[in-house]
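Colleague: I would like to learn how to read a model of this kind, one feature at a time. Could you take me through it?

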Amino acid sequence: MKLKHTALWSGVVAAALLLTACGKSNSGSGSMSSSGMSSSTASTAQNGAWKTGLGVLTETTDDHSTGKINLVAAAVLLDGEGKIIDVTFDELESTISADGSGVLSMPTDYRTKRQKGDDYPLAAASSLKKGWAEQADAFADYLVGKTPEEVSMLKLDNDGKGTDADLLSGCTIAVDRYRDAISKACSSAKVLGAAKGDRVSLGIEAVNATSDVTATDDKDVNAGIDVSMVAVTLDADGRVTSAVADMAEPALTVMSDGGIKAPDMVETKLEQGDRYGMRGASSIDKEWYEHSEGFCGYLKGKTRAEVADIPSDGSDADLMALCTISIEDLQKAALDAMAAVN
């Protein structure tokens, strides 16, 4: 079996990214509070430095006539000192297969591990008798108050599991991929409006993106899944204070003899940036990430009911001035994220 990662996120690389991207605001907030600035102004400045991040790690494998797509996403909220205040993550596992004549079999269930809940059978096999979500949340709780650098330096065994007794008391699953996704989330985190007292949440909407079902000698089939992800922060009233939206389109190539080949790399649309190449086809001359930013900005200040009322057919003129891409799956992901906090 061949394993292909979107990036080689070693502990050293993660630490370097986190030190450069997540630790820059420390000296700023400290110098402001010591310069005679009023406490309310200093508090505002510190709140303004809080960052929201979304990190995605996609792995694909191929083994003859079977292939797998595994996607981990992490949403993180960093305070003005660069410490993790809130974090959550989720994981999507999908298996794709083909027979000797190139006929494709796609998954029938596109729920994430968190969405499956008790349908994901981990609790019975766990020494803790805890399901995936319980253990994932225990890992998240363990990270609160730590700096991203400290997270990157967590000691793990050869199976990717923690070695600290406090962590193992609530989480015995492998956490190496979650740590790496958190590293990505921290390195890309931005000041978007989150503040003290907010909570971060994550929503994922995955759908079958494959139209053909049989590969031929003349045409291979791209067996793909479209995965839309939205990280939101919510205030005490349940209103959006910040959001980050991204999308991944991992696909495996299926050949006429049933062989499956995984891609060398899967980048999300945000990671592709201007290389995604949408600007020329956009009626408002914007790249995908700019449409995404427009959609996320439009969510700010809204409750879940108000987000649910946003028309997805392009009839909202204010939204269309900012974002003309299809928002249907992003909207569903945002609603899932908001429901998880309420």
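Modeller: What follows goes from confidence to the whole chain, and then to single elements.

Modeller: This is a predicted model, in which local features need pLDDT of at least 70 and side-chain atom pairs count only at pLDDT 80 or more, while totals for chains, interfaces and linings use all residues. Residues are numbered from 1 along each chain as its sequence is written, and side-chain values use heavy atoms, with hydrogens and water left out.

Colleague: What pLDDT does the protein average, and where does pLDDT stay under 50?

Modeller: pLDDT is the predictor's confidence in each residue, from 0 to 100. Where it is low, the predicted coordinates should not be read in detail. Here the protein averages 89, and 86% of the residues score at least 70. Over residues 5-47 pLDDT stays under 50, and for that stretch the model has 58 contacts (heavy atoms within 4.5 Å) beyond four places in sequence.

Colleague: How many helices and strands are there in the protein?

Modeller: Helices (H or I, at least four residues) and strands (E, at least two) are DSSP runs, numbered from the N terminus. The protein has 13 helices and ten strands. Of its 342 residues, 48% are buried, where buried means under 20% relative accessible area, exposed over 50%, and partly exposed in between, with a 1.4 Å probe and protein chains only.

Colleague: What span should helix H13 have, and which of its residues are buried?

Modeller: The expected span of a helix is 1.5 Å times one less than its number of residues. The 14 residues of H13 (residues 328-341) should therefore span 20 Å, and the end C-alpha atoms, 21 Å apart, agree with that. Buried residues in H13 include Leu330, Ala334 and Met338, and among the elements that cover the buried residues of H13 are strand E8 (240-248) and helix H10 (288-299).

Colleague: How do E7 and E8 run, and how many bridges join them?

Modeller: Two strands pair if DSSP finds at least two bridges between them. Eight bridges join E7 to E8, and the two run antiparallel; Ser228 stands opposite Met247 in E8. The hairpin has five residues between the strands, and in it Gly238 takes a positive phi near 80°. Because nine of the nine residues of E8 are buried, E8 is largely enclosed by the rest of the structure.

Colleague: Is Thr112 buried or exposed, and which residues does it touch?

Modeller: Thr112 lies in the loop between strand E5 (104-105) and helix H4 (113-116). Thr112 is buried, with a relative accessible area of 1%, and touches Asp90, Glu91, Leu92 and Ile204, not counting residues up to four places away in sequence.
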